[in-house]
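Biologist: I have a model open and would like to go through it with you. Can you put it up?

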2 protein chains.
Amino acid sequence: MKPEETIDFHIKYTWQNIARMYNDLASGYGSTMAMGYVLLNIDIENGTPSTALGPKMGMEATSLSRILKNMEAKDLICRKKNPADGRSVLVFLTDFGKEKREDAKKAVIDFNEAVFSQIPEQKLAIFFEVIQKVNELISNRKIYS
Amino acid sequence: MKPEETIDFHIKYTWQNIARMYNDLASGYGSTMAMGYVLLNIDIENGTPSTALGPKMGMEATSLSRILKNMEAKDLICRKKNPADGRSVLVFLTDFGKEKREDAKKAVIDFNEAVFSQIPEQKLAIFFEVIQKVNELISNRKIYS
C-alpha cells in the first residue's frame with residue numbers, strides 16, 4: 001500500500017494545503033492562520049475562557065498561550081478576570097480584533113463557497129458521509145483492538 | 001456559515017483525530033506518530049538525505065531535526081555522510097528501526113483496511129475525487145485573487 005493509496009495520506013496532505021493557503025493569506029495581514037482561528041473562536045459578546053480555547057482549536061496549552069500573548073501585543077484581544085470565577089481568565093476581542101475577525105470569517109467563507117460552487121452537492125454529501133464514517137471508526141476504537 | 005458546515009473544519013478535525021489515534025498507538029511503543037512517519041519515509045536500501053525528509057513529511061527543519069536526534073538516541077536510525085556529496089547527510093534505518101518500521105506500516109494498513117472494508121468503493125471513489133478537486137482549487141490560487 002503506497003502512501004498515495006491511503007486515506008490518511010490524502011486527509012493530511014489536504015489539511016496541510018489548506019493550512020498553507022490560510023497562512024499565506026494571513027501573512028498578508030501580518031497574521032497567521034492560528035490567530036485567525038482564535039479570533040473566530042472567541043464569543044464576541046461574552047468573551048471565552050482561555051482554558052476553553054485550546055480544546056476548541058485542538059491546540060496544546062503552551063502553543064495557545066504563546067499565540068494569545070502575541071495577539072494581546074497586537075491589540076487583537078484583551079484578557080479579563082472572570083467575574084464568575086476569580087481563578088479563570090476570559091479572553092475578549094478588542095474593536096480591532098472584531099474588525100480582523102471579519103477578515104478571517106471572509107477567508108473561510110470565500111474558500112468554502114469556491115469549493116461548494118465547483119463540486120456538485122451530491123458528491124459533497126457523500127464526501128461528508130465518508131469523513132463522518134472515518135471519524136466514527138476512530139472513535140469506536142475497534143481498529144487496533 | 002457555522003464551522004461544522006465548512007469543509008476545512010471537517011478535514012482539520014478528521015486529521016487531528018487520525019493523528020491522535022496514531023499517537024496513542026505509537027505511545028504504546030514509546031514512540032510518536034512523527035517517528036513512525038520518519039521510519040516509513042526512509043529508503044530501506046539506500047537511506048534518504050536528511051534534507052529530503054522534511055518536505056516529504058510536510059515538516060519544518062527544526063522539528064524534524066529534534067525528532068531525528070531522538071530517533072538516533074533510540075537506535076532507530078543512524079546518520080552517515082553521503083558518499084556522493086560530502087556536504088549532505090543520509091539517514092539509514094538500523095535493524096531495530098527496520099523492525100519498528102514494520103509496526104508503523106501495519107498501523108497504517110490496519111487503519112486503511114478498516115476504512116476500506118466499511119465504506120463502499122463507489123463512495124470512496126467520490127471522496128477521493130472531491131478531495132482532489134479541493135487540492136486543485138487551492139493550487140490554482142484563484143480563490144483569493
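**Helix packing, sheet and symmetry**

Modeller: In chain B, the axes of helix H2 (residues 33–41) and helix H5 (residues 95–118) come within 9 Å and cross at roughly 110°. Axes here are lines fitted to C-alpha atoms, for helices over the stretch in contact, with angles running from 0 to 180 degrees between N-to-C directions. Helices (H or I, at least four residues) and strands (E, at least two) are DSSP runs, numbered from the N terminus.

Biologist: How do H2(B) and H5(B) stand to each other, then?

Modeller: H2(B) and H5(B) are therefore roughly perpendicular, a label for angles of 65 to 115 degrees, where under 35 is roughly parallel, over 145 roughly antiparallel and the rest oblique.

Biologist: Which residues make the contact?

Modeller: From H2(B), B:Gly36, B:Leu39 and B:Leu40; from H5(B), residues including B:Gly97, B:Arg101 and B:Ala104. Two residues are in contact if their C-beta atoms, placed from the backbone, lie within 7 Å.

Biologist: Before I go on, what are the ground rules?

Modeller: This is a predicted model, where local features need pLDDT of at least 70, side-chain atom pairs count only at pLDDT 80 or more, and totals for chains, interfaces and linings use all residues. Residues are numbered from 1 along each chain as its sequence is written, while chains are lettered from A and ligands numbered from 1 in the order in which they are written.

Biologist: Sheet next. What is the strand order in chain B?

Modeller: S1-S3-S2, an open sheet of three strands with antiparallel pairing. Strands pair if DSSP finds at least two bridges between them. S1 (48–49) and S2 (77–82) of chain B are at the edges with a single partner strand each, so one side of each has no neighbour in the sheet.

Biologist: How many bridges join S2(B) to S3 of chain B?

Modeller: Six, and S3(B) covers residues 85–93. B:Lys80 is opposite B:Leu90 in S3(B).

Biologist: Switching to chain A. Where is A:Thr32?

Modeller: In the loop between helix H1 (7–27) and helix H2 (33–41) of chain A. A:Thr32 counts as partly exposed because it has 17 C-beta neighbours inside 10 Å; 20 or more would be buried, 12 or fewer exposed, with C-beta atoms placed from the backbone.

Biologist: And how do the two chains relate?

Modeller: Chain B can be laid on chain A with an RMSD of 0.0 Å by a turn of 180° and a shift of 0.0 Å along the axis, superposing by least squares on C-alpha atoms of residues with pLDDT of at least 70 in both. The copies are thus related as by a two-fold rotation axis.
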